[in-house]
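Here is a friendly walk through one predicted model, with a look at its surface, its charges and its rings. Please have the sequence and the 3D view open as you read.

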Amino acid sequence: MKKLLIIAFLVIYGTSVAQETDTKRIIPKGLWTIGGNLGFSTNNSEFSRELEDDIERKNHTYSLLPKIGYTISENLIIGLGLGYSFSKDDINNDNSKTNSYNFTPYIRKHYGIGQNLSLFIQGEGNYEIAKQKNTNFNYENTSKSLFIGFRPGLNYFISKKVALETTIGSLGYKHRTSEVTGSDNGKTETNSFNFNIDSANLNFGVIVFL
């Protein structure tokens with residue numbers, strides 16, 4: 001909720017500045033962009049049950065998504081992102097680890113609404129492979145997913161060449177397969193079309209224009 005309030009403040013602030021001046025942020029043709037997202041989260045939770053043992057869960061997640069782009073025309077960028085994330089879950093000493101890799105080509109259109117703020121719409125295709133291993137129960141879960149859709153977002157320029165970046169939710173189609181091997185074998189396949197704008201779908205990063 002706090003993240004959404006911060007974003008709303010930046011939009012309102014940028015709009016008010018745009019009304020006071022005719023100058024709007026323009027990203028000229030021929031610039032390279034380098035940026036990405038770096039994330040870390042940790043979560044500890046405990047659930048009490050009357051007739052059974054309590055459940056204690058610990059989770060640690062790290063993620064890295066570097067990306068590079070090129071401005072093919074004014075305010076229009078094409079680019080590519082390559083990502084990796086690692087997650088470890090511990091539920092009552094039952095351990096599982098997940099490694100994920102993703103590949104994300106994208107195209108992004110910017111709309112300047114002030115000197116320091118621009119909104120954008122990003123069209124993308126995201127392919128991800130994730131492998132989860134659980135040594136206690138001797139199984140491995142391999143999932144593959146493909147997302148095709150759009151993400152809205154904004155850039156706030158803290159200098160001429162550096163901007164803070166956030167994407168807010170997504171709209172698109174997702175296909176996912178999951179296959180379990182080991183103690184239990186099985187395969188599932190899902191197709192979904194989703195529209196999500198909430199604090200759970202916020203991503204933050206930094207972008208440099210060269």
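## A phenylalanine at the surface

Phe-193 lies in strand E9; strands (E, at least two residues) and helices (H or I, at least four) are DSSP runs, numbered from the N terminus. With a relative accessible area of 62%, Phe-193 is exposed, where exposed means over 50%, buried under 20% and partly exposed in between, for a 1.4 Å probe and protein chains only. Before going on, note that residues are numbered from 1 along each chain as its sequence is written. The model is predicted, so local features need pLDDT of at least 70 and side-chain atom pairs count only at pLDDT 80 or more, while totals for chains, interfaces and linings use all residues; side-chain values use heavy atoms, with hydrogens and water left out.

Phe-193 belongs to a nonpolar surface patch together with Tyr-111, Leu-119, Ile-121, Phe-150, Leu-171, Tyr-173 and Phe-195. Together these residues have about 820 Å² of accessible area, taken from the Shrake-Rupley method with a 1.4 Å probe, where only the protein chains shown count as cover for residues. Strands E5 (117-134), E8 (170-182) and E9 (186-196) are the elements that give two or more residues to the patch. Patches are built from residues with over 30% relative accessible area and no salt bridge, joining like charges within 9 Å and nonpolar side chains (Val, Leu, Ile, Met, Phe, Trp, Tyr) within 5 Å.

## Salt bridges

How many salt bridges does a search of the whole structure find? There are three, each being a side-chain nitrogen of Lys or Arg within 4 Å of a carboxyl oxygen of Asp or Glu. Glu-165 bridges to Lys-67, with the closest N and O atoms 2.6 Å apart. This pair links distant parts of the chain, as Glu-165 is in strand E7 (residues 162-168) and Lys-67 in strand E2, 98 residues apart. Glu-165 is buried at 5% relative accessibility, and Lys-67 is buried too, at 14%.

Glu-165 also forms a salt bridge with Arg-108, at 2.7 Å between the closest N and O atoms. Arg-108 lies in strand E4 (residues 94-112) and Glu-165 in E7, so this pair ties together parts that are 57 residues apart in sequence. At 2% relative accessibility, Arg-108 counts as buried.

The remaining contact to visit is that of Glu-124 with Arg-151, whose closest N and O atoms are 3.0 Å apart. Glu-124 sits in strand E5 and Arg-151 in strand E6 (residues 139-157), so the pair ties together parts that are 27 residues apart in sequence. Both partners are buried: Glu-124 has a relative accessible area of 8%, and Arg-151 has 19%.

## Charges over rings

Two of these charged residues also meet aromatic rings. The charged end of Lys-67 sits over the ring of Tyr-106, 5.9 Å from its centre, and Arg-151 lies over the face of Phe-147, at 5.1 Å from the ring centre. A charge sits over a ring if NZ of Lys or CZ of Arg is within 6 Å of the ring centre and within 35 degrees of the ring normal.

## Aromatic pairs

The structure holds four aromatic pairs. Rings of Phe, Tyr and Trp (its six-membered ring) pair if their centres lie within 6.5 Å; planes under 30 degrees apart count as stacked, over 60 as edge-to-face and the rest as tilted. One of the pairs joins Trp-32 and Tyr-70, tilted at 55 degrees between the planes and 4.8 Å centre to centre. Trp-32 lies in strand E1 (residues 32-47) and Tyr-70 in strand E2 (residues 55-73), so the pair ties together parts that are 38 residues apart in sequence. Trp-32 is partly exposed, with a relative accessible area of 46%, as is Tyr-70, with 29%.

Another pair, Tyr-62 and Phe-86, is stacked, with 6.4 Å centre to centre and 25 degrees between the planes. Tyr-62 in E2 and Phe-86 in strand E3 (residues 76-91) are 24 residues apart. Tyr-62 is partly exposed at 43% relative accessibility, and Phe-86 is partly exposed at 21%.

## Strand pairing

E4 and E5 pair in the antiparallel sense over 15 bridges; strands pair if DSSP finds at least two bridges between them. Thr-98 has Gln-132 in E5 as its bridge partner, and the E4 and E5 hairpin has four residues between the strands.

E5 and E6 run antiparallel as well, joined by 18 bridges. Here the bridge partner of Gly-123 is Phe-150 in E6. The hairpin of E5 and E6 has four residues between the strands, and Asn-138 takes a positive phi near 55 degrees there.
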